[in-house]
Amino acid sequence: MKLLISLFLSATLAHAQTTTPAQLQHLRIQAAHAFFLDTPLPPLAPKTFATFDATPNIRIEHVTFATQYGMRVPAIVYIPTHTHGKLPAIVVACGHGGDKSSWYAVYTGMLYATAGAVVVTYDPIGEFERATTRASEAGEHDKLIPGLTHTERVGGLMIEDAQQALRYAAARPEVDPTRIALLGYSMGSFHAILAAALAGPQLPRIRALVLSGGGNLDGHNEYWDSNPKPNCQSGPYEALDFLGDRAAILYALRARSGPTLVLNGTQDSLITKFNEQEPFFDTLRTHIAAVQGSRTNLPETLWFANAGHRPSWMTRPAAIWLNYQLHFPNWTDAQIESFPTIRAVDWIARTGVRISHGYQVEQKEGGVLAIDLNLPGLTREQLTAVPESLWQKDPKLYTLEGWTPHALAADSSLGRSD
């Protein structure tokens with residue numbers, strides 16, 4: 001396997017050429033078109049439904065903002081109440097089976113709001129308030145849609161959702177739009193790097209990008225091409241085949257606006273199945289540097305020994321990296337170094353916050369050593385953004401069922417124009 005990967009990467013690198021800024025911009029526009037992203041992005045039209053205090057220092061808001069075809073994205077916003085000046089903001093893109101009720105979304109919101117950042121968490125299409133059953137781990141976006149020729153449209157919706165969440169965060173009056181971070185886990189890491197790479201002039205500068213349980217954008221017939229998730233992963237990645245060296249181009253596009261940190265476990269089978277950990281990323285960095293003609297903002301990597309698939313941005317080293325990028329108003333590096341830690345599974349047991357089935361084990365999410373500030377959890381009711389009576393009046397405003405007829409009509413129209 002090492003030899004095959006080495007031969008593939010060497011062959012690709014032999015054809016790599018420095019790409020001018022104008023050429024990169026042209027490729028960005030082509031890639032955005034491949035995902036059918038709205039140009040321009042729709043007005044956010046944010047709406048707040050409720051506000052309450054989770055702690056004396058953290059306020060929670062239930063909100064929605066707009067996405068494709070006039071649909072709404074339910075979100076929970078964590079806002080620090082004891083700060084001065086403009087604040088950094090963080091947006092969380094969840095993984096498969098994850099949504100704003102997942103333990104890591106809640107923990108991230110509570111933790112980094114304590115640090116002095118505004119944190120936006122939202123439901124991916126097909127989960128929680130964006131599922132017809134309002135259930136978590138519904139996985140509705142994984143089911144093929146009869147008649148939909150371009151499965152990458154679903155992934156495009158997820159990318160646009162992330163971009164709209166970034167725009168929403170930057171537009172909040174207490175936020176400094178030059179200090180925005182996007183955190184993506186697993187499936188969310190894929191959508192996060194694409195959202196960052198394809199960021200157009202409407203988006204704020206994404207100052208920091210953190211990818212956990214991912215970031216290993218690879219070659220033909222490898223993980224992102226061959227995984228059994230055609231709507232949200234393999235279909236979208238295949239749609240970018242025209243880019244050539246997709247990984248290098250996407251990371252070069254991302255590098256225009258800021259640095260990237262990749263957090264992975266050495267025993268994460270989703271990451272190590274098609275590559276050999278750091279040697280893979282070393283070669284990837286060489287490809288990116290060849291494309292962009294410099295080594296500016298090449299992705300940094302941090303490996304967690306014996307760890308599996310998990311979100312690791314609540315750990316001490318990740319918090320220090322984020323503090324360097326965002327300058328948290330309430331934390332110093334010395335304070336971060338002094339904070340105790342807690343295993344995620346212990347916090348989950350104490351608070352009852354949801355973890356996806358099978359991920360409570362030590363090697364996966366349960367073993368995350370998160371900074372411990374004795375944070376409380378939130379109930380599912382507290383994590384529901386839209387009042388159920390209002391949601392029931394028009395569920396198609398939020399769900400894949402409501403999006404599908406628009407996508408099918410657009411696909412049909414595209415076919416006629418061909």
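Me: Which residues of β4 point the other way from Leu87, Ala89, Val91 and Ala93?
Reply: In this predicted model, β4 is mostly covered, with seven of its seven residues buried. In a regular strand the side chains alternate between the two faces of the sheet. Leu87, Ala89, Val91 and Ala93 point one way from β4, and the residues that point the other way, likewise buried, are Pro88, Ile90 and Val92.

Me: How many bridges join strand β4 to strand β6, and what are the bridge partners in β6 of leucine 87 and alanine 89?
Reply: Strand β4 (residues 87–93) and strand β6 (residues 175–185) run parallel, and six bridges join them. For leucine 87 the bridge partner in β6 is valine 175, while for alanine 89 the bridge partner in β6 is isoleucine 180.

Me: Which residue in β5 stands opposite valine 92?
Reply: β4 also pairs with strand β5 (residues 118–122), in the parallel sense and over four bridges. Within β5, the residue that stands opposite valine 92 is threonine 121.

Me: Which are the edge strands of the open sheet?
Reply: Nine strands form the open sheet, in the order β1-β2-β3-β5-β4-β6-β7-β8-β9, and the pairing is mixed. The twist from one strand to the next averages 20°. An edge strand pairs on one side only, and the two that do so are β1 (47–55) and β9 (300–304).

Me: Is leucine 209 buried or exposed, and what is its relative accessible area?
Reply: Leucine 209 has its place in strand β7 (residues 206–212). Leaving aside neighbours within four places in sequence, leucine 209 is in contact with Leu182, Ala192, Ile193, Ala196, Arg254, Pro259, Thr260, Leu261 and Trp321. Because buried means under 20% relative accessible area, leucine 209 counts as buried, at a value of 0%.

Me: What separates the C-alpha atoms of leucine 209 and alanine 181?
Reply: Leucine 209 belongs to strand β7, and alanine 181 is 28 residues apart from leucine 209 along the chain.

Me: Is α5 oblique or perpendicular to α8?
Reply: Two packed helices are described by the angle between their axes and the distance between the axes. Helix α5 (residues 187–197) and helix α8 (residues 246–255) have axes 8 Å apart and pack at an angle of about 60°. That angle makes the arrangement of α5 to α8 oblique.

Me: How many nonpolar, polar and charged residues does the contact of α5 with α8 have?
Reply: α5 passes α8 in a left-handed crossing. On the α5 side Ile193, Leu194, Ala196 and Ala197 take part, and they meet Leu250, Tyr251, Leu253 and Arg254 in α8. By class, this contact has seven nonpolar, no polar and one charged residues.

Me: How are α2 and α8 oriented to each other, oblique or roughly perpendicular?
Reply: The axes of α2 and α8 come within 10 Å and cross at roughly 110°. Since angles from 65 to 115 degrees count as roughly perpendicular, α2 and α8 are therefore roughly perpendicular.

Me: Which residues in α8 meet Leu24, Leu27 and Arg28 in α2?
Reply: Leu24, Leu27 and Arg28 form the α2 side of the contact, and on the α8 side they meet Ile249, Ala252 and Leu253. The residues of this contact of α2 with α8 divide into five nonpolar, no polar and one charged.

Me: Where does proline 40 lie, and what is omega of the peptide bond that joins threonine 39 and proline 40?
Reply: Proline 40 lies in the loop between α2 (21–34) and β1. The peptide bond that joins threonine 39 and proline 40 is cis, with omega about 0°.

Me: Is arginine 134 buried or exposed, and which is asparagine 374?
Reply: Arginine 134, in the loop between β5 and α4 (152–171), has a positive phi near 60° although arginine 134 is a residue other than glycine. Asparagine 374, in the loop between β11 (369–371) and α14 (388–393), is not a glycine either and has a positive phi of about 55°. At 15% relative accessibility arginine 134 counts as buried, whereas asparagine 374, at 58%, counts as exposed.

Technical notes
Residues numbered from 1 in each chain as written. Predicted model: local features only at pLDDT ≥ 70, side-chain atom pairs only at ≥ 80, totals over all residues. Heavy atoms only, no water. Buried < 20%, exposed > 50% of the residue type's maximum accessible area, 1.4 Å probe, protein only. Contact = heavy atoms within 4.5 Å. Pairing = 2+ DSSP bridges. Axes fitted to C-alpha atoms, helices over the stretch in contact; angles between N-to-C directions. Parallel < 35°, antiparallel > 145°, perpendicular 65-115°, else oblique. Left-handed = near helix turned anticlockwise from the far one by under 90°. Nonpolar A, V, L, I, M, F, W, Y, C, P; charged D, E, K, R; others polar.
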